[in-house]
Number of protein chains: 2
Amino acid sequence: MQDAHNRPYHHGDLRRAVIETALDMLREEKNWQFTLREVARRAGVSHAAPYKHFPDKAALLAELAMIGFDWLRASLSAAKPKAPKSLRDEIAPVAHAYVAFGTDNPALYRLMFSAGEEKAAGMHLNERALAVFDVALEILRRGQAAGSIRKRPIEGQAAAWWGLVHGMTMLAIEGLLVPEKVGSAPLDAALSTLVEGLETLAT
Amino acid sequence: MQDAHNRPYHHGDLRRAVIETALDMLREEKNWQFTLREVARRAGVSHAAPYKHFPDKAALLAELAMIGFDWLRASLSAAKPKAPKSLRDEIAPVAHAYVAFGTDNPALYRLMFSAGEEKAAGMHLNERALAVFDVALEILRRGQAAGSIRKRPIEGQAAAWWGLVHGMTMLAIEGLLVPEKVGSAPLDAALSTLVEGLETLAT
DNA sequence: GCGCTTAAGTAGTCACTGTCAACAATGTAT
DNA sequence: ATACATTGTTGACAGTGACTACTTAAGCGC
């Protein structure tokens, strides 16, 4: 980054710098196996410096995952149309935003869902993860109130939505949704099926 | 396993032994970060011996993943009822078998879908993976022929099924399908929605 | 200004990993 | 028997996460 001699001894804001560097690297390489030392190297700092800010490698991972969930949630909210005409008009854009987030940031997305087993941090992580579930929940709740969705425990339906988009995202990241096997727009097809299963029969 | 002195110099069938040992360890520990040396140790063999049978750690991983896909496919076939009365009767058991496989063998399942980027082996791996997709495809094809499913490109529907069960499996493994947020039987709820989206309107 | 505490860096070490090359024991073809 | 290919073993290498001890800079009351 800069010469070692004119760089101040104290980085100033290394915590943030470490996080940003890690995010950059996650963004750049689809499959990067995370190493603390490489992050430190690239941040222009000694290999042990990050330990002053994170007790653990897992702690940094958990933090990154939390940021990822916040981004995801924000991008879902942004994709939600203000004046939806139908249930599908509301669900489809959000689902597309979800999958797009995953395929645009594959390394980060994978990290978010495999950080597992971080004892303490795991709790907070799950909270953040369930926040994206809540986005779906809210859409469906409104849809049910408007009468366009069957009266049925809504949590299961939201779980269906989450499972579907999460699964499609993962499969897409892994390159398993090849068009010649799966059609040209599998997500749209899947969403059609899902929405039609959600809707009330009378239309 | 046995004393070093009475064990013959040549193992006899080390390739298989390595695979079996690795599978055992995957089965035992939900989160095991795979190390070749530990496998070798446990197989009672020196740390470099496996390299005579696998060019690479990735090669062993790919082989394990392929075995996993074969198992999964077999367990799906076994779950398929011989004389299904309805589409749901055929889809639901298979979906349950799918998720059960994943939650019963979390480490293996995760490995199967994150082995990514193994150049050559990746091709064969994807073939095996798509074989489970074919199971769904066949069920739906028969359903459509019998007239219980809408006439629509069937690949997209199969992708919907795969995405759904894969996503639910992953979320379940990661402990994200907590009942208090998501209801008691999220998979059943999700399947109901999916099946109803698949079915023809006339019933 | 001056000395003090302390946060934020450094270097060095440890046990561990994947991988490779050199060597040894075993089986097999000639 | 003798040469050879196979399949083990040992020992080394660089790179990793984690930890420690040391050093440096910054901020503080006085």
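Predicted model: local features only at pLDDT ≥ 70, side-chain atom pairs only at ≥ 80, totals over all residues.
Student: OK, and what area gets buried between the two chains?

Tutor: About 3400 Å², and carbon and sulfur atoms give 66% of that area. On the chain A side, L176(A), K181(A) and T193(A) lose the most area to chain B, and together they make up 18% of what that side buries.

Student: What about salt bridges, how many cross the interface?

Tutor: Six salt bridges are found across the interface of chain A and chain B. There are also eight residue pairs in polar contact between chain A and chain B, counting those where both residues have pLDDT 80 or more.

Student: Are R150(A) and E196(B) buried or exposed?

Tutor: R150(A) is buried, at 16% relative accessibility. E196(B) is buried too, with a relative accessible area of 17%. The cut-off for buried is under 20%, so both values qualify.

Student: And what does R150(B) form a salt bridge with?

Tutor: With E196(A), the closest N and O atoms being 2.7 Å apart. R150(B) is in the loop between α6 (119–145) and α7 (154–173) of chain B, and E196(A) is in helix α9 of chain A, so this pair joins two chains. R150(B) and E196(A) are both buried.

Student: Why would side chains like that pair up?

Tutor: Side chains of opposite charge can pair when their charged atoms come close.

Student: Where is S192(B), and what is S192(B) in contact with?

Tutor: S192(B) is in helix α9 (residues 186–198) of chain B. Setting aside neighbours within four places in sequence, S192(B) is in contact with R152(A) and R88(B). S192(B) counts as buried because its relative accessibility is 18%.

Student: Switching topic: what is the secondary structure of chain A?

Tutor: Nine helices and zero strands. Of the 203 residues in chain A, 49% count as buried. The accessible surface of chain A comes to about 10000 Å², and 53% of it belongs to carbon and sulfur atoms.

Student: α9(A) keeps coming up. How far apart are its end C-alpha atoms?

Tutor: They are 18 Å apart. At 1.5 Å a residue, the 13 residues of α9(A) should span 18 Å, which agrees.

Student: How many of the residues of α9(A) are buried?

Tutor: Eleven of the 13, so α9(A) is largely enclosed by the rest of the structure. Among the buried ones are P186(A), L187(A), L194(A) and L198(A).

Student: What does W161(A) touch?

Tutor: Leaving out residues up to four places away in sequence, W161(A) touches L76(A), I91(A), V94(A), A95(A), Y98(A), A136(A) and L194(A). W161(A) is in helix α7 of chain A, and at 4% relative accessibility W161(A) counts as buried. W161(A) and I91(A) are 70 residues apart along the chain, yet their C-alpha atoms are separated by 9.0 Å.

Student: Last one: how many salt bridges are there over all chains?

Tutor: A search of the whole structure finds 24. One of them joins the side chains of R110(A) and E174(A), at 2.9 Å from N to O. This pair links distant parts of the chain, 64 residues apart: R110(A) is in helix α5 (residues 106–112) of chain A, and E174(A) is in the loop between α7 and α8 of chain A. R110(A) is buried, with a relative accessible area of 16%, and E174(A) is buried at 14%.

Conventions: Residues numbered from 1 in each chain as written. Chains lettered and ligands numbered in written order. Heavy atoms only, no water. Helix = DSSP H or I, 4+ residues; strand = E, 2+ residues; numbered from the N terminus. Expected span 1.5 Å × (residues − 1). Buried < 20%, exposed > 50% of the residue type's maximum accessible area, 1.4 Å probe, protein only. Areas by Shrake-Rupley, 256 points an atom, 1.4 Å probe, with all protein chains shown as cover. Contact = heavy atoms within 4.5 Å. Buried area = accessible area lost by both parts, 1.4 Å probe. Salt bridge = Lys/Arg side-chain N within 4 Å of Asp/Glu carboxyl O. Polar contact = N/O pair within 3.5 Å; in protein donor to acceptor, adjacent residues only side chain to side chain.
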